[in-house]
Amino acid sequence: MSNSRTLPVLESEAVVPCCPPLTERTLTAAEAERTAAMFKALSDPVRLRLFSAVASAPGGEACVCDISDVGVSQPTVSHHLKKLKEAGLLASERRGTWVYYRVEPSVLAGMGRLLTGPVPA
């Protein structure tokens, strides 16, 4: 008799970047607010390191226990991860006593689209 069970799939809380490439048209006020919140969250060096650690983690997700060595205390790491999550850059899932973070592929793709545009001749 197996003790395995199927877990439900949870909807992601990550916010997908909304905006077209900056060179396509002028952003609306709402698009600019949303985009600025993402860039503001990434403007802190510790947050950028944490985001990078999660984005580059094998399997596309990282346990907080594996990315906490960024030169600040654990409560500060939690604060920064919370800010990245609030900005829609990270999604998280609690597994037992640990929290695992991931960057949704749509977030990276959206950020890439935002900053790309035609190359001037």
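Let's start on the outside, where L22, F39 and L115 form a nonpolar patch on the surface, with about 290 Å² of accessible area together. To join a patch like this, residues need over 30% relative accessible area and no salt bridge, and nonpolar side chains (Val, Leu, Ile, Met, Phe, Trp, Tyr) are linked within 5 Å, while like charges are joined within 9 Å. A salt bridge here is a side-chain nitrogen of Lys or Arg within 4 Å of a carboxyl oxygen of Asp or Glu. The areas come from the Shrake-Rupley method with a 1.4 Å probe, and for residues only the protein chains shown count as cover.

Keep in mind that this is a predicted model, where local features need pLDDT of at least 70 and side-chain atom pairs count only at pLDDT 80 or more, while totals for chains, interfaces and linings use all residues. Residues are numbered from 1 along each chain as its sequence is written, and side-chain values use heavy atoms, with hydrogens and water left out.

Back to L22: you'll find L22 in the segment before α1 (29-42). Helices (H or I, at least four residues) and strands (E, at least two) are DSSP runs, numbered from the N terminus. L22 has a relative accessible area of 44%, so it is partly exposed; that label sits between buried (under 20%) and exposed (over 50%), using a 1.4 Å probe and protein chains only.

Now look at two helices, α2 (residues 45-55) and α4 (residues 74-86). Their axes come within 10 Å and cross at roughly 75°. Axes are lines fitted to C-alpha atoms, for helices over the stretch in contact, and angles run from 0 to 180 degrees between N-to-C directions. That makes α2 and α4 roughly perpendicular to each other, a label for angles of 65 to 115 degrees; under 35 is roughly parallel, over 145 roughly antiparallel, and the rest oblique. On the α2 side, V46, R47, L50 and F51 make the contact (heavy atoms within 4.5 Å), and the α4 residues include H79 and H80.

Zoom in on V46, which counts as buried at 16% relative accessibility. Beyond its neighbours within four places in sequence, V46 touches V70, V72 and H80. V46 and V72 are 26 residues apart in sequence, yet 8.2 Å apart in space, C-alpha to C-alpha. H80 is buried too, at 7%, and, again leaving aside neighbours within four places in sequence, has D44, V46, R47 and L50 as contacts.
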